[in-house]
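Here is a short report on one structure. It starts with the surface and then turns to the aromatic rings.

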Amino acid sequence: MAASLNLRTMVIEAGPVGGKLHRIGALENVPGSWSTGPQLAEALASDLDRLEKAGRCTVVQGLAAKVGGHDHRAELTLADGRVLTSKLIVVATGVSDLVPPDATWITATAELSAPPLWRAAPQDLTARTYVLGADRPLGTWLRSHPNVRTTLHVLCPPSDAYKATEIEADGRVRLVPISHAAITKPTYGGGWTIEVEEHDGTKTIYAATSVLNNLGNKPAAVTGLVSGDDGYCPPDRQHRRIRIAGDLRSARYQRIATAHGSGAEAVLAYYYDISLSGGGGIR
C-alpha cells in the first residue's frame, strides 16, 4: 500500500519474511489460492523483493527494540543500537508463544517439557496425548492433518471456551473443561500425571503419555508503546506518528486477512492526514 502511494518505505525484518506464516499448515480464511502458510510467505517475500528491486522500498534486517513519537518525526531504535527516523512508524511485531509458566491455571513441575502443538507431526502423537489449551492453532493443526485419527485430549480453561467452538464437533478432539491443572511426573514409569480440577471443584487424575502446548500467544510489544491491561497495544492510544497493525492490536483480531487490512489502513490514515504527511505525494 505504501509503495502504491509513492511513499518512501523501509521494512525492518528480524527474521524471514512472513514470520509465523512459515508454521501454519493450512489456510482457510485468506482470499486467493494459498493453501498453506509457507506458500503465502513465499509469495510475500517475492513481492517484497520485486518492490525493492524496483526502488520502491528498502528491506533492512534488524530487531526493533524501541519506538518514539515526536512532533515532527518518529524514531525507531534497533537492538544493535542503530536509530532510524521517519515521519511514521507502523509497528507489526505481533505476538510470541505463551508457555506453561505464563498460564495461571497450570501448576507444573520444572521438568515439564511441552512442545508446541503446531510443530507436532502425526507420528509424534503417542497413546494418550494431552493438549494444554484450546487456542485456535488446534483447528489449523487438525485441518493440516485430516487423516490423523489419534484423539487429542484438550484441557480447556474458561478463557478458551469461545475458541473451542470451531473444533468441538471434531471427533478427534475430547474437550476437558477445567479451572486448574497440576502436572507432575509419576512415581513410577514414564509420561505425566495430570490432576484436573473442574469448575465445580471435582478433581480427576489422568495419565498422559505426552503433553503438547497450545496455550496461545502474548503480545510482543516493543518499548515505547502504550499497552492495555492485557498487554496488547490499542491503536487509538499511541502517539500520532506510531501506528499499530496486525496481531499486536488485540487478541480478537488475530487473522491474516485483518492483519493485511490493518496495515493498509495505517498507511492510508497517514497518507490522508495532512498535518503528518503534508497531504500525500512522495515522502
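## Surface and basis

Accessible areas come from the Shrake-Rupley method with a 1.4 Å probe; for residues, only the protein chains shown count as cover. The protein chain exposes about 15,000 Å². Carbon and sulfur atoms supply 52% of that area.

This is a predicted model: local features need pLDDT of at least 70, side-chain atom pairs count only at pLDDT 80 or more, and totals for chains, interfaces and linings use all residues. Residues are numbered from 1 along each chain as its sequence is written, and side-chain values use heavy atoms, with hydrogens and water left out.

## Overall build

The protein chain holds four helices and 17 strands. These are DSSP runs, numbered from the N terminus: helices are H or I with at least four residues, strands E with at least two. The C-alpha trace spans about 70 × 40 × 35 Å along its principal axes.

## Aromatic pairs

The whole structure has two aromatic pairs. Rings of Phe, Tyr and Trp (its six-membered ring) pair if their centres lie within 6.5 Å; planes under 30 degrees apart count as stacked, over 60 as edge-to-face and the rest as tilted.

Tyr130 and Tyr206 have ring centres 5.6 Å apart and planes at 40°, so this pair is tilted. Tyr130 sits in strand β9 and Tyr206 in strand β14, 76 residues apart. Both Tyr130 and Tyr206 are buried (under 20% relative accessible area; exposed is over 50%, partly exposed in between; 1.4 Å probe, protein chains only).

Tyr271 and Tyr272 pair edge-to-face, at 5.1 Å centre to centre and 85° between the planes. Tyr271 is buried at 17%. Tyr272 is exposed at 61%.
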